Amino acid sequence: MDKILDLPTLPVAAIKFNQMVADGKASMKDISDALGKDQAIVLKILKMANSAFFGLRKKVETLQHAVVILGINTVRNAVLSLSVVECFKPGKSNESGINAWLLWKHSLAVAVLSQHLSKQTKIAAPDDCFVGGLLHDVGKLVLLQYFYGTMEKIVESMDANQRSFSVAEREFVSASHAMVGGALAKKWRLPEGLVGVIKSHHTMSSSAPDMDRLKMVHAADIIVNGYLGDFMGHKWPLKVHPSVEPLVAKHLNTVDVWFSEVEPQIQEAYSFFMEE
């Protein structure tokens, strides 16, 4: 990754904002001023604050108002989400049909479902789970954008051998998409808990710094892959890691009953994040 000269970088305002929140010493005004230097981010945050995502009764007209109403952590997660989506914008499919839109579509579904499960189980912050779900597969976007030939071979192997991406990639790369995504997140100086989610969403490493969020994202990923299908449309058994099963067993057994309640939220996420 160090050899990729045009590897995407997060906006300066987003990086500074993230550092300020991590330090915990900045005032609301300091934070608003730091973000205010990037008008593109400001407009997106205001649009998100006034969207169906939050369902606020009163219109949010200023960035400082958004920070006060939504909270610093929610705004930080929104900034990270919007910034990363901007770094890997969806493009047109080529002959093989692989493109960033397919990956983002899957990740948005996982994001919404991670948020939903966290609200149901009450073991992790919903906003944190949303951004964890959204960014969990960012390593696949790196492979798609910079190692397209390898990505094609992995997808061809998935189709030919009816196996998951995680299994197929072992044949062609020595570092998994989760490791690649974790390395990128660390390079971007994202919060340690988020780096852990990206890096361990398949292995469920017990050393991950935010196990509660990791469990929600892992479960959501499995459910989306089993109910909607992975980014290439393949469906897989609803089998989660043993450490997660006690938390979501009821949800796994009743997916057909409750999933339709979440689908409108997934569609809203598609519309908001993927619109031009």
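How many aromatic pairs does a search of the whole structure find? In this predicted model, the search finds seven.

One of these pairs joins F88 and W188, whose ring centres lie 6.4 Å apart; the planes meet at 50°, so the pair is classed as tilted. F88 belongs to the loop between α5 (72-87) and α6 (100-121), and W188 to the loop between α11 and α12, so the contact ties together parts that are 100 residues apart in sequence. Both F88 and W188 are buried.

A tilted arrangement is also found for Y227 and F259, with 4.4 Å from centre to centre and 40° between the planes. Because Y227 lies in helix α13 and F259 in helix α15 (residues 255-274), this pair links parts that are 32 residues apart in sequence. Y227 is partly exposed, with a relative accessible area of 25%, whereas F259 has 0% relative accessibility and therefore counts as buried, the limit being under 20%.

F130, F272 and F273 form one aromatic cluster. The face of F272 has K44 over it, at 5.4 Å from the ring centre. K140 lies over the face of F165, at 4.5 Å from the ring centre.

The largest pocket may be considered next. It holds about 630 Å³ of space and is lined by 30 residues, of which S164, S166, V167, R170 and H202 lie nearest its centre. Helices α10 (165-169), α11 (177-187), α12 (192-200) and α13 (211-227) each contribute at least two residues to this lining. By class, the lining of the largest pocket comprises ten nonpolar, twelve polar and eight charged residues.

Conventions:
Residues numbered from 1 in each chain as written. Predicted model: local features only at pLDDT ≥ 70, side-chain atom pairs only at ≥ 80, totals over all residues. Heavy atoms only, no water. 1 Å grid on protein atoms, 1.4 Å probe; cavity = no way out; pocket = protein on both sides within 12 Å on 5 of 7 lines; lining within 4 Å. Points joined across faces, edges and corners; volume = space filled by probe spheres on them. Helix = DSSP H or I, 4+ residues; strand = E, 2+ residues; numbered from the N terminus. Nonpolar A, V, L, I, M, F, W, Y, C, P; charged D, E, K, R; others polar. Phe/Tyr/Trp six-rings, centres within 6.5 Å; stacked < 30°, edge-to-face > 60°. Buried < 20%, exposed > 50% of the residue type's maximum accessible area, 1.4 Å probe, protein only. Lys NZ or Arg CZ within 6 Å of the ring centre and 35° of its normal.
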